Amino acid sequence: MALHEAGKECYWLRSVIRHIRRTCDLPSVTDNPTTIYEDNVACIAQPPLPLHPLHTLLKTQTPTTLNPIFTSTLFSSPKSTLSVSDPIPIPIPTPDSHIETALEDFHTQFEIPLEKLFVPPETEIKYTESGALSTRILKGSNILLSKYATDAQVTQAEFVKSSVRTEDCPANPLPEFALVGRSNVGKSSLLNSLVRRKKLALTSKKPGKTQCINHFRINDSWYLVDLPGYGYAAAPQELRTDWVKFTKDYFLNRSTLVSVFLLIDASIPAKKIDLEYASWLGQNQIPMTLIFTKCDKRKKKRNGGKRAEENVNDFQELIRGYFDTTPPWIMTSSLTNQGRDEMLLHMAQLRNYWLKH
Ligand code: GDP
């Protein structure tokens, strides 16, 4: 089977699994042994995760025909949670410059082994005569660029509604991406960065303030969804339980959810609660992309003296046991806008594939 076919099948398989779960009344999330805790001392239940078909195929490639290490680049650069009722016109760069900027070399470089790359569905992996990878990688990520990465720019963004139940979410069947992360991870800031507006999402200064499923319609054709932050110790236990319940219900039952974007603070070492969230998503076959935030921050001794890249690598290592393949990940900063174009391109390629299948 060709690799691009494998990518397609992998996605197809996921869709089928999710469809079966939705339609066959399988055990609900409350039956799952893994619990998402609201502090950093809980342990993670560890049932093995299903194997990823694409991983197997990548491993069976003849080593001599592959260059095992490919070089990607780190790079660096608006900020906010919700509001505004009218669509907002947004100044945009030309289509070509959008993609080129996300691919060109920047300053810092790091290496990603082949088996840790994310191959989007129907992506043809090409090599030069010398065996080097010629398929392009999105900067500061492990994501290959596919033919579906078109129409990535945000030209219009509007807040649609806040819902407290999955059933109350917008009914029109547009593809959507959900942003979720620990309180204070920088979710509101990232949302504003993506749509290039300082006030679309009102930056919540009080962690845990956002308690609803908030839908933003982008370009009148897809949704960005802001979910409540987790891990806010000061929130009442009752509320915390509610959030966990309704976000899990949303993940499992929202048929138009293309991928969850799980935000992880790259300026500090990995937190157990983040590892648990990631493992729960993996075990429930919910497509997930890791978004590392605050990558502009310099290392601090009290944080173990690690740079953002090191924390990103450590997080990958820690979740390795829960995923057979590395999930897609992107390094970002809302201060420098690092990773914004890359996130939009990644969303575009997943979205366009989803729409065609
Ligand atoms: P939320 O609670 O997840 O919505 O987080 P916010 O977007 O309100 O951000 C929490 C804090 O982190 C604020 O003080 C932000 O200024 C700061 N912050 C957010 N993103 C970044 C970033 O990319 N870099 C740095 N250095 N600080 C950030």
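Contact here means heavy atoms within 4.5 Å. Helices (H or I, at least four residues) and strands (E, at least two) are DSSP runs, numbered from the N terminus. This is a predicted model, in which local features need pLDDT of at least 70 and side-chain atom pairs count only at pLDDT 80 or more, while totals for chains, interfaces and linings use all residues. Residues are numbered from 1 along each chain as its sequence is written, and side-chain values use heavy atoms, with hydrogens and water left out.

**View 1. The protein chain has eight helices and ten strands.** Of its 357 residues, 55% are buried; buried means under 20% relative accessible area, exposed means over 50%, and partly exposed lies in between (1.4 Å probe, protein chains only). The chain exposes about 16,100 Å², and carbon and sulfur atoms supply 53% of that area. These areas come from the Shrake-Rupley method with a 1.4 Å probe; for residues, only the protein chains shown count as cover.

**View 2. Helix H6 (residues 272–283) packs against helix H7 (residues 308–319).** Their axes are 10 Å apart, at an angle of about 55°. Axes are lines fitted to C-alpha atoms, for helices over the stretch in contact, and angles run from 0 to 180 degrees between N-to-C directions. H6 and H7 are therefore oblique to each other: angles under 35 degrees count as roughly parallel, over 145 as roughly antiparallel, 65 to 115 as roughly perpendicular and the rest as oblique. Look for Asp 274, Leu 275 and Ala 278 in H6, which meet Phe 315, Leu 318 and Ile 319 in H7. By class, the residues of this contact are five nonpolar, no polar and one charged. Ala, Val, Leu, Ile, Met, Phe, Trp, Tyr, Cys and Pro count as nonpolar, Asp, Glu, Lys and Arg as charged, and the others, Gly among them, as polar.

**View 3. Helix H4 (residues 187–195) is mostly covered, with nine of its nine residues buried.** The buried residues include Lys 187 and Asn 192. The axes of H4 and helix H8 (residues 340–356) come within 9 Å and cross at roughly 75°, so H4 and H8 are roughly perpendicular to each other. Leu 190, Ser 193 and Leu 194 of H4 make the contact with Arg 340, Met 343, Leu 344 and Met 347 of H8. That contact has five nonpolar residues, one polar and one charged.

**View 4. Two residues of helix H5 are shown here, Phe 251 and Thr 247.** Helix H5 spans residues 237–253. Phe 251 is buried, because its relative accessible area is 1%. From Phe 251 to Ile 286 is 35 residues in sequence, but 7.0 Å in space, C-alpha to C-alpha. Thr 247 also counts as buried, at 4% relative accessibility. Leaving out residues up to four places away in sequence, Thr 247 touches Leu 227, Pro 228 and Tyr 277.

**View 5. Several residues here have a positive phi, including Asn 184 and Asn 219.** Most residues other than glycine have a negative phi. Asn 184, not a glycine, has a phi of about 80°. You will find Asn 184 in the loop between strand E5 (176–181) and H4, where Asn 184 is exposed, with a relative accessible area of 55%. Just after H4, Arg 196 takes a positive phi of about 55°. Asn 219, also not a glycine, has a phi of about 50° and sits in the loop between strand E6 (213–218) and strand E7 (222–226).
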